[in-house]
Amino acid sequence: MAEQQTFRMRITFAKQGRLALLSHLEVARAIERAVRRAQLPFAVSQGFSPHMKIAFGAALPVGVGGTHEMVDLQLLRYVRPEEALLALQKESVPDLMVKECVYIEPKAPAASAAFPLSTYRALLSAAPAQLPVPEQVHIIRKKKEKVLDVADFLVGEMLLEGASLTFTLEQKPTGSLRPDKLLAACLDQVNVPDDQEQEVPLAFLVDNAWTQSIEPPADDQPLRVLSMTRIDQRAK
Amino acid sequence: MTDLWPRLEPLLASAERPARYLNHEFGCVYKPEAGFRFCMMYPDTYELGQANQALRILVNVVNAVDGMVAERAFLPAAEFCDTMRAEGLPLFSIESCAPVAEFDAIGITLSHELVATNVLEALDLAGIPLHAQDRGEDDLFVIGGGPCSFNPEPYAPFFDIFNIGEGEEALPECLQAIRRLRAEGACRADILRAIARMDGFYVPSLYRWRDEEQAQQAGSWIEPVEEGLPTHIQKRVFEGFAESPGWEPCIVPFTEVVQDRLNVEVLRGCARGCRFCQAGMMYRPVRERSADNIVNSVVCGLAQTGYDEVSLTSLSSTDHSQIADVLTRLNEQFQGKGVRISVPSQRLDSFGVDMAGLVAGQKKGGLTFAPEAGTQRLRDVINKQVTEDDLFGAVDAAFGAGWRRCKLYFMIGLPTETDDDIKGIASLVQRAYDRAKKAVPVEQRGNIRMSVSCALFVPKAQTPFQWDGQIAPEEALRRVSLLRRSVKYRAIDVHWHDPSTSFVEAVMSRGGRAAAAWVESAWRHGARFDAWTEHFNEQAWRDAAEEVGLDPAAVAQTSYDTGYVMPWEHISTGVSTRFLAHERKKAAAEKTTPDCTFERCAACGACPGLGIDNQLAQPRIAGGSNARPQQAGEEGAAAAVVAEQAVNGQPATGPQTAEEGE
């Protein structure tokens, strides 16, 4: 059967507020349902279990929001982008709101591959004087430990401005470093478990010359991440 | 209302699947201005509760009342319950993230026998006094309902009010009465006295519990503490069901729930009359929504929710008189839209398979049949009107049409069961396997999968088998191992449910008010989430029995004569105790009783008692072994065909709902 001509629409949406706590699958399901509710003429795959032809951009971890998240949808007929946008916005919840609809070339790279560079901004519970970056991050996944070199993924410096931290990670074909894992590793160096004596952690001393400048966060509360958002995705 | 979100949010970073604690789902109703606030709680996690249809229906009917709001609440996952306790965070509602204790009333649906300890876990987490008698003027009203309220006694001390039967009209009436009486300045006790006099409500604190001897003499276990209280509480029926639209607003969850699809209830009630089945007695009479209503409801529901799957729910959807028409029309409507239609059904015959085939498309997973018993003798005893030929006809049709997997459900420990009946299961399944092989091309025979799943018979209140004791768990295991030895084909898998949970179910199903102390003690010993295999704590229930001096084995396992007055005699489904006793006698004589929606009235008492008749969209025509003479040529009839995914979410089957997720 000849492949039907379709129109490829790239939908940009925001994942914010408490809905930053949704998983990638949960977001995907919610967007797909919004597309159905909006009655857009979406294409359906042929075969054993037919489903909507929709492809999501790079996944965000649970707890991380995004201002410009992307999804590519194939439509069976042309719908004016502003019409599609209105219909989708009407069927979206405020914290998972569609912001833009544009058509892209049929052969344009997929949203998941076109933008390997992601910039994140985290808001911390206090403003530390410094936040050392560990050389390695240990990831435990399915009971296997993996060690990732931060330098392989981190593009440029981590920029600390008051309680706000901005950094860019590159997604590699072989894998990626999750921003929440990187930040957790950063904070682990600063926060000492209750049962250990309050002294400057070893990793921190090795990596940095200006250890004395760290101020303990207020009220002896451990430093934590209040929110994290992907603020940009771009090509290399 | 207090907003707990600022305190909840920091805890969610480490919670598993935090999406179940958020609000903001599509379709949520917010009515911050409402003066009267009701919270509908499902005593298990969001994934199970959000799929519950009672919750959806009751939230909608209360929200439809001016000045009233209904929010939802669920029990957090076990570990998160502990986190919340450690942080001093009380149980919260989903919509407003408000403490449940700040509402005016809470409704708790008792969907199966293993939720009892979760009710206590929820009340405790909410900071609501566990016992109705300890609640004061400022405390909310705790209202129970659902299947287990047909024997409310094991839960009685924890509830202020039980709503017996269907709640579409009853619940708003009850809440409006509370609101009106409060406004008039009535005290809590007076409000309860007034509600106890309304149709379909039971206020257990207004009845003294008799001892066994008194109860048998008086013909009832309860004695009103004052004049003018009803001594016989009959269930409420939503008379407008058949005409009411099958579509009503529903919330679309973010996180995946057990039945993550649109549910359209196509009919209510089932009159097949299986003698072990509580649902079959509880939801009479049978009421069908019309084909037009159903098709419109599906179209409208899918458009408004964005779901890509719809389930036509009921106790026996393929019994609907217009089911073929409905499925054909839906197939046409959704051609090429990537929409799946599933039909949970209770019908085992080639018609059932045809219906499953209509909606299966190219993807044929597995089919589930429930013959329930292995020999014709025992199937006659339980009134499961299915013959071997019905089963074989269904197997021929299913495997001939392309299905390659089939699951067969049986019960172990049914009244009068002998070892021959157990061996009969093995024989029946092996012969069904042989039939399946014949129906499949030689080169595909390796793909045939057949499995047997057995559950221990639980004597249910309000059924003809309510007087029959359950067999002991050790005996159940002996019969299971006899079955395993008797199944000679290695291609047939045998699965069984843990009899120790079925034992707790039987005690909860048959217990009187004394069982409540046992539940409370078990909860204090750490029992909760009993329907979850990984949480079921048998030792806690044992320790509790010792502590409160209850003999649970006697409650579960004693068989009585049909003259014995059971602890739920004062609660009525409309079906008369006389009919139940008569059915029990016919069971002993191995005589069957036909389904009154196909044949003559069986005089169960429900229609005259409740003042409403069966409402069918058009006359039903039976086939197969149940056919009337003029239809004798047709193939197959009565029993159970269930499209496989539907089985996972069958209502009121506790353990299965929690565990299975294939």
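The crossing of H6(B) and H7(B) is right-handed, meaning that the near helix is turned clockwise from the far one by less than a right angle. Helices here are DSSP runs of H or I with at least four residues, strands are E runs of at least two, and both are numbered from the N terminus. This is a predicted model, where local features need pLDDT of at least 70, side-chain atom pairs count only at pLDDT 80 or more, and totals for chains, interfaces and linings use all residues. Residues are numbered from 1 along each chain as its sequence is written, and chains are lettered from A and ligands numbered from 1 in the order written.

Back to the pair: H6(B) covers residues 167-183 and H7(B) residues 188-196, packed at about 145 degrees with axes 10 Å apart. Axes are lines fitted to C-alpha atoms over the stretch in contact, and angles run from 0 to 180 degrees between N-to-C directions. From H6(B), Cys174(B), Ala177(B), Ile178(B), Leu181(B) and Arg182(B) meet Asp190(B), Ile191(B), Ala194(B) and Ile195(B) of H7(B); contact means C-beta atoms, placed from the backbone, within 7 Å.

Now move along to H10(B), residues 291-305. Its buried residues include Ile294(B), Val298(B) and Leu302(B), buried being 20 or more other C-beta atoms within 10 Å of a residue's own, with C-beta atoms placed from the backbone. Among the elements covering the buried residues of H10(B) are H1 of chain A and, from chain B, strand S13 and helix H11.

As for the two chains, 22 residues of chain A are in contact with 21 of chain B.

Conventions:
Expected span 1.5 Å × (residues − 1). Buried ≥ 20, exposed ≤ 12 C-beta atoms within 10 Å, placed from the backbone.
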